[in-house]
Amino acid sequence: MAKILVTGGAGYIGSHTVVELQKVGFEVVIVDNLSNSNIEVLSGIEKITGIRPAFENIDCVDYVSMDRMFDKYQNISAIIHFAASKAVGESVEKPLLYYRNNLVSLINLLQLMPIHKINNIVFSSSCTVYGQPDILPVTEDAPIKTALSPYGNTKQICEEIICDTIHTNPCYKSIILRYFNPIGAHPSAEIGELPNGVPNNLLPFVTQTAIGLRKQLNVFGNDYDTPDGSCIRDYIHVVDLAKAHVIAVQRMLNQRTKSDVETFNLGTGRGLSVLEVIETFEKVNGVKVPYRIVDRREGDIEKVWADPTYANEVLGWTAVETVEETLRSAWAWELNLAERAKAE
Ligand code: UFG
């Protein structure tokens with residue numbers, strides 16, 4: 001079976017994707033510098049699939065080490081490139097770190113692909129490229145809006161770098177996947193999201209508040225133009241998202257792509273407000289999430305949800321998990337983390 005390089009494979013979406021790749025028989029090589037992940041994730045993956053993936057602790061920004069890695073693992077068929085810095089607020093404080101990490105990593109991979117005879121790359125992009133869309137649900141051909149953060153800008157520039165590069169070699173193929181808001185954890189609760197420090201994202205903050213690690217959740221604004229005043233997002237189960245990567249890789253390897261670059265939205269098509277997330281989380285898990293309304297967070301989009309029709313029709317992919325199940329899995333993972341912390 002083909003060998004797939006997963007950069008950032010020890011991270012949140014990366015680790016779930018490694019599991020799904022292994023489940024259908026792909027051999028996986030993970031490259032990760034563990035800057036925002038933990039080596040124990042490999043044991044979690046092994047518990048689920050019975051296979052410990054090959055792992056290299058390398059920063060994708062390091063061209064020479066990446067070159068050596070490709071020499072070591074011959075015949076890689078495709079790359080899934082997750083490795084990137086992803087905290088919106090941090091990117092405002094440290095823009096050069098974000099431009100360097102996110103752009104140089106991709107440039108290195110694109111430069112190394114012809115040297116090591118690799119034609120296929122899947123790129124992790126984000127719905128952040130749409131900003132606040134004029135029309136909802138948002139389709140792939142919606143205009144790209146001026147980025148609100150260096151992080152968002154790196155995703156836009158990376159997409160452009162891919163489009164500018166792929167056509168230079170007729171064998172090259174790329175699939176760009178624009179994620180909406182991934183949440184939840186593997187149903188085994190062996191892997192999940194492991195935020196460093198105080199979480200930026202809603203779900204880890206919700207679960208950490210529910211378990212008592214945080215006193216209160218701050219809900220950023222209730223005066224938006226939405227039914228309950230809080231922001232609306234398209235929350236997608238991370239396993240559904242992971243499965244789309246497997247389909248994307250299979251599509252490239254089976255030469256079914258229709259153009260050198262294909263771009264897909266990965267979302268459920270359903271928008272959920274922050275207050276609805278909290279209410280549903282409390283209901284399905286039977287726990288309380290103390291929260292208060294605070295000022296809006298700078299840079300937040302009011303409402304965005306995907307039109308996933310194109311991915312449905314072309315990839316044959318649909319997000320199947322219910323939001324209830326997704327929120328249950330997020331809680332099961334938090335409980336598992338708490339058990340582990342107790343055991344240490
Ligand atoms: N929120 C809170 N309290 C919190 C955290 C979040 O109310 O403590 C709210 C936010 O204001 C927002 C919603 O929950 O309305 C979701 O916020 P997240 O930070 O979880 O996600 P974002 O939609 O802001 O960001 C996500 C990804 C980014 C990506 C962006 C694109 O994390 O990587 O979507 O819109 F760029």
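**View A. Strand β4 is mostly covered, with 5 of its 6 residues buried.** Buried means under 20% relative accessible area, exposed means over 50%, and partly exposed lies in between (1.4 Å probe, protein chains only). The model is predicted, so local features need pLDDT of at least 70 and side-chain atom pairs count only at pLDDT 80 or more, while totals for chains, interfaces and linings use all residues. Residues are numbered from 1 along each chain as its sequence is written, and side-chain values use heavy atoms, with hydrogens and water left out. Helices (H or I, at least four residues) and strands (E, at least two) are DSSP runs, numbered from the N terminus. β4 (residues 76-81) pairs with β1 (residues 3-7) in the parallel sense, over 5 bridges. Two strands count as paired if DSSP finds at least two bridges between them. β4 also runs parallel to β5, joined by 4 bridges.

**View B. An open sheet of 7 strands, with parallel pairing.** The strand order is β3-β2-β1-β4-β5-β6-β11. β3 (54-56) and β11 (261-266) are the edge strands, each pairing on one side only. On average, neighbouring strands are turned by 20° against each other, direction ignored. Helix α8 (residues 238-253) packs on this sheet. α8 touches β1, β4, β5 (120-126), β6 (173-179) and β11. The direction of α8 makes about 165° with that of β6. Axes are lines fitted to C-alpha atoms, for helices over the stretch in contact, and angles run from 0 to 180 degrees between N-to-C directions. Contact means heavy atoms within 4.5 Å.

**View C. Threonine 7 in strand β1.** Threonine 7 counts as buried because its relative accessibility is 0%. Histidine 81 in β4 is the residue that threonine 7 stands opposite. The threonine 7 side chain reaches the backbone nitrogen of alanine 83 at 3.1 Å. Leaving out residues up to four places away in sequence, threonine 7 touches Val31, Cys60, Ile79, Ile80, His81, Phe82, Ala83 and Leu109.

**View D. Asparagine 36 in the loop between β2 (27-31) and α2 (41-49).** Asparagine 36 counts as partly exposed because its relative accessibility is 37%. Its side chain makes a polar contact with the side chain of asparagine 196 (3.3 Å). A polar contact is a pair of N or O atoms within 3.5 Å; within protein, one must be able to donate a hydrogen and the other to accept it, and residues adjacent in sequence count only if both atoms are side-chain atoms. Asparagine 36 and asparagine 196 are 160 residues apart along the chain, and their C-alpha atoms are separated by 6.6 Å. Beyond four places in sequence, asparagine 36 touches Lys86, Leu194 and Asn196.

**View E. Helices α1 and α2 pack at an angle of about 30°.** The axes of α1 (residues 12-23) and α2 are 10 Å apart. The two helices are therefore roughly parallel to each other. Angles under 35 degrees count as roughly parallel, over 145 as roughly antiparallel, 65 to 115 as roughly perpendicular and the rest as oblique. The α1 and α2 crossing is right-handed. A crossing is right-handed if the near helix is turned clockwise from the far one by less than a right angle, and left-handed if anticlockwise. From α1, Ser15, Val18, Val19 and Gln22 make the contact; from α2, Val41, Ile45, Ile48 and Thr49 do.

**View F. Helix α7 is mostly covered, with 9 of its 9 residues buried.** Leu202, Leu203, Pro204, Phe205, Val206, Thr207, Gln208, Thr209 and Ala210 are the buried residues of α7. Their cover includes β7 (181-183), β8 (217-220), β10 (235-237), α9 (274-285) and α11. The axes of α7 (residues 202-210) and α11 (residues 323-343) come within 10 Å and cross at roughly 55°. That angle is why α7 is oblique to α11. This crossing, of α7 and α11, is right-handed. Leu203, Thr207, Gln208 and Ala210 of α7 meet Leu327, Ala330, Trp331 and Glu334 of α11. Just after α7, glycine 212 takes a positive phi of about 95°.
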